Amino acid sequence: MNEKNEYNVKIGRAIARQRKKLGLSQSRVAEFLQVKKGTISRIENGVTGIDIKKIYQLHELFNCRIGYFFVQDGNELETHILEAADILAVLPKDKQAEVIDLFRMLAMNITRNQEAGASHE
């Protein structure tokens, strides 16, 4: 598991992004996973791979979907979709539908405003 391959790098970057977003130290993550701090650094830098059990533990610590770790670096749309899914997941089904309807209306209003602004230029 010591090869630096593209998958290790992508997953490591996702772990680092989420850890920093939540304000967690590498030491805190290492403690949670019961590994050495240096292991977290090597994982985040793509030097060492991470097993699926540890990814599952990170998903619990970070309170995010497992798929987050497999989103392409810089793909903001996929990241936003996963974040929205996490928000919706804690709501009852009927409230999920309401939020989706509000989202749809908001998107249509933004699109209309952008189109109106473009036609005035």
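Let us begin at the end of helix α2, where the next residue is Gln34, and its phi is positive, near 60°. The structure that you see is a predicted model, so every value I quote today is computed from that prediction.

How far may we trust it? The mean pLDDT of the protein is 86, and 91% of its residues reach 70 or more. Among the elements, α2 has the highest mean pLDDT, at 97, whereas helix α5, residues 76-89, has the lowest, at 76. Where pLDDT is low, the predicted coordinates should not be read in detail.

I now turn to α2 itself, which spans residues 26-33. Which of its residues are buried? They are Gln26, Val29, Ala30 and Leu33. These residues lie on the same side of α2, because they cover an arc of only 100° around the axis. As for what covers them, the list includes α1 (6-21), α3 (37-44) and α4 (52-62).

Let us consider one of these neighbours, α3. The axes of α2 and α3 are 8 Å apart, and the two helices pack at an angle of about 105°. An angle from 65 to 115 degrees counts as roughly perpendicular, and therefore α2 is roughly perpendicular to α3. On the α2 side, the contact is made by Gln26, Ser27, Val29, Ala30 and Leu33. On the α3 side, Lys37, Ile40, Ser41 and Glu44 take part. Sorted by class, this contact has four nonpolar, three polar and two charged residues.

Is Gln26 buried or exposed? Its relative accessible area is 18%, and buried means under 20%, so Gln26 counts as buried. Which residues does Gln26 contact, if we leave aside its neighbours within four places in sequence? They are Arg19, Lys37, Ile40, Ser41 and Glu44.

Finally, let us look at helix α5, where Glu83 is found. Glu83 has a relative accessible area of 28% and is partly exposed. How far apart are the C-alpha atoms of Glu83 and Ala14? They are separated by 13 Å, while the two residues are 69 residues apart along the chain. Please recall here that α5 is the element with the lowest mean pLDDT, 76.

Technical notes:
Residues numbered from 1 in each chain as written. Predicted model: local features only at pLDDT ≥ 70, side-chain atom pairs only at ≥ 80, totals over all residues. Heavy atoms only, no water. Buried < 20%, exposed > 50% of the residue type's maximum accessible area, 1.4 Å probe, protein only. Helix = DSSP H or I, 4+ residues; strand = E, 2+ residues; numbered from the N terminus. Arc of directions from axis to C-beta. Contact = heavy atoms within 4.5 Å. Axes fitted to C-alpha atoms, helices over the stretch in contact; angles between N-to-C directions. Parallel < 35°, antiparallel > 145°, perpendicular 65-115°, else oblique. Nonpolar A, V, L, I, M, F, W, Y, C, P; charged D, E, K, R; others polar. pLDDT = per-residue confidence, 0-100.
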